Amino acid sequence: MKYLLILLAALATTAAHAADYRAGKDSTLGFKAIYMGDAFEGRFARFTPEISFDPADLAGSRFDVRIALDSASTANEERDQMLVGPDFFNAGARPQARYHASKFTALGGNRFRAEGTLSLNGAERPVALDFTWTPGTPAVLEGRATLKRLDFGVGEGDWADTELLPNEVEVFTRLELQPAG
C-alpha cells in the first residue's frame, strides 16, 4: 500500500509535457505591407513549422519555423521578383528565414504571446508573436506579429524611404495542427 501511495503521488506531480504538432496543408504564413499608400498581402508557399505547445506547460513549449524565402508571392510578378531579389529578401544568398521561440506568456483565455528570435537576411532580432490557441483535431494556432523590415535589411537603398514603403510589416499565420507521430 505504501508503494502504491508513492506511485500515485509521483504520477500526480509529474509535469505536463508539451505536445508535438505538424502543420496541415491548409496552414498559411503571410505578410501585409503598404507601398505608395496601397496595401498588399503576400504569402509564403513553403514553410515548415515545428510546434510543441501545451497551455498547461508553457515552459516546455517551443516554436521553430523555417521559411523558404523564394516562395514569397503577392500575386504581382514584378513585385514578387523584387521581393526575393537582393534588395529585399535576398533569397539567392540567404534562402531561409527562421523563427524560434521558447518563452511563452498566457494573456488570458486562449490568448498567448511567444517571445522569439527571427533570423532573416543575416540579421537576428527579437519578435513577439501574439496568438490564439484552439485545441482540437486539428488544433488551430492563429497569430500576428509586427516587425520593422529595415531591422532585417529588407528594402535598403532606394527602398529605405519609409514614406514610399513604411518600415512596419505585419506577419500573420493560421496553422491547422495535427498531433505528430
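Before looking at pairings I noted the rule: two strands pair if DSSP finds at least two bridges between them. Strands (E, at least two residues) and helices (H or I, at least four) are DSSP runs, numbered from the N terminus.

**Ground rules.** I am working on a predicted model, where local features need pLDDT of at least 70, side-chain atom pairs count only at pLDDT 80 or more, and totals for chains, interfaces and linings use all residues. Residues are numbered from 1 along each chain as its sequence is written, and side-chain values use heavy atoms, with hydrogens and water left out.

**Overview.** I looked up the secondary structure of the protein chain and got two helices and eleven strands. From the N terminus the order reads α-β-β-β-β-β-β-α-β-β-β-β-β. The C-alpha trace spans about 75 × 30 × 25 Å along its principal axes.

**Around E2.** I checked strand E2 (residues 28-35) and found it antiparallel to E11, with five bridges joining them. Thr28 has Arg174 in E11 as its bridge partner. E2 also pairs with strand E3 (residues 38-44), again in the antiparallel sense, over six bridges. There Tyr35 stands opposite Asp38. E2 and E3 make a hairpin with two residues between them, and Met36 in the turn has a positive phi of about 50°.

**Around E8.** Next I went to strand E8 (residues 111-120). Strand E7 (residues 96-108) pairs with E8 in the antiparallel sense over nine bridges, and Phe104 has Ala114 as its partner. In their hairpin, which has two residues between the strands, Gly109 takes a positive phi near 60°. E8 pairs with strand E9 (residues 123-134) too, antiparallel, over ten bridges; Arg111 is partnered by Thr132. That hairpin also has two residues between its strands, with Asn121 in the turn at a positive phi of about 55°.

Which residues make up the covered face of E8? I listed Phe112, Ala114, Gly116, Leu118 and Leu120, while Arg111, Arg113, Glu115, Thr117 and Ser119 form the uncovered one. In a regular strand, side chains alternate between the two faces of the sheet.

**Glu163.** Where does Glu163 lie? I found Glu163 in the loop between strand E10 (139-148) and strand E11 (168-179). Glu163 counts as exposed because its relative accessibility is 71%.

Conventions
Buried means under 20% relative accessible area, exposed over 50%, partly exposed in between (1.4 Å probe, protein chains only).
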